[in-house]
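Reader: I'd like to learn how to read a model like this one. Could you walk me through it, one feature at a time?

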Amino acid sequence: EIDFEGNTQRIGNRAFLNCNVFQVKLPDSISFIGKQAFKNSFISTLYEIPQSVKEIEEEAFSESGVRHFALHSDVKRIKKGAFKNCKSLSASIYDGKGFVIPNGVLAIESEAFSGCEAMGNVTISATVTEIADDAFDRCPKLEISAPIGSVAHQFALSHNIPFLELPEEEFEVNKDKLVAYHGLNSSVTLP
């Protein structure tokens with residue numbers, strides 16, 4: 001288990017490249033996760049990406065064993081290949097049923113989630129205004145839930161990805177942080 005102490009602010013490029021760690025707890029003081037920081041590392045649980053992180057750098061968790069984690073609305077960009085080939089990534093740590101890209105996230109870059117073979121339902125908020133054409137390549141189980149008319153809706157249509165309509169009011173946000181989701185016949189309140 002990696003549990004950072006003190007006021008760790010940065011995880012450098014390739015800091016844990018090819019490491020076997022089972023659980024990663026990132027402190028609220030982290031503001032930067034470098035390129036390939038956890039690439040090809042076995043991670044079963046990444047608890048959450050702290051609010052202090054604004055961008056997830058290129059290939060930060062690519063080819064790692066991460067299965068689920070929580071993403072805060074303060075993350076603005078999920079950069080190129082950030083979770084590429086995370087074959088077990090499938091769900092948010094909070095509900096275990098699907099993955100939520102919350103209000104506040106603006107862009108999902110090239111290959112961000114490509115090769116995430118276990119990924120099923122992904123709920124994408126209307127704040128996402130950019131999704132790279134190959135952001136979800138090689139995700140055979142993927143279905144997208146999003147508001148009608150959103151960029152995510154258009155992306156699903158243009159890529160023949162199953163789509164579920166999601167009214168925007170189903171996201172509950174407090175101080176720019178997703179605190180609850182009410183929809184798809186279930187409600188989830190985040191801690």
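Author: Let's start with contacts, meaning heavy atoms within 4.5 Å. Of the contacts in the protein that link residues at least 6 apart in sequence, 33% join residues at least 24 apart. This is a predicted model, where local features need pLDDT of at least 70, side-chain atom pairs count only at pLDDT 80 or more, and totals for chains, interfaces and linings use all residues. Residues are numbered from 1 along each chain as its sequence is written, and side-chain values use heavy atoms, with hydrogens and water left out.

Reader: What is the mean pLDDT of the protein, and which element has the lowest?

Author: pLDDT is the predictor's confidence in each residue, from 0 to 100. Where it is low, the predicted coordinates should not be read in detail. Here the mean is 83, and 82% of residues reach 70 or more. Among the elements, strand β17 (residues 186–189) has the lowest mean, 50, while strand β12 (residues 130–131) has the highest, 98.

Reader: How many helices and strands are there?

Author: Both are DSSP runs numbered from the N terminus: helices are H or I with at least four residues, strands E with at least two. The protein has one helix and 17 strands.

Reader: Which strands make up the open sheet, and in what order?

Author: Strands of a sheet pair through backbone hydrogen bonds, either parallel or antiparallel. We say two strands pair if DSSP finds at least two bridges between them. This open sheet has four strands in the order β9-β11-β13-β14, with parallel pairing. β9 and β14 (163–165) stand at the edges with a single partner strand each, so one side of each has no neighbour in the sheet. From one strand to the next, the twist averages 20°, with angles taken between N-to-C directions of lines fitted to C-alpha atoms (for helices, over the stretch in contact) and running from 0 to 180 degrees. Helix α1 (residues 151–158) packs on the sheet and touches β11, β13 and β14; its direction makes about 150° with that of β13.

Reader: Which way do the residues of β11 point, and are they buried or exposed?

Author: In a regular strand the side chains alternate between the two faces of the sheet. In β11 (residues 121–124), N121 and T123 point one way, V122 and I124 the other, and all are buried (under 20% relative accessible area; exposed is over 50%, partly exposed in between, with a 1.4 Å probe and protein chains only).

Reader: What are the bridge partners across β11?

Author: V122 is the bridge partner of F99, and S145 in β13 is that of T123. N121 stands opposite E143 in β13.
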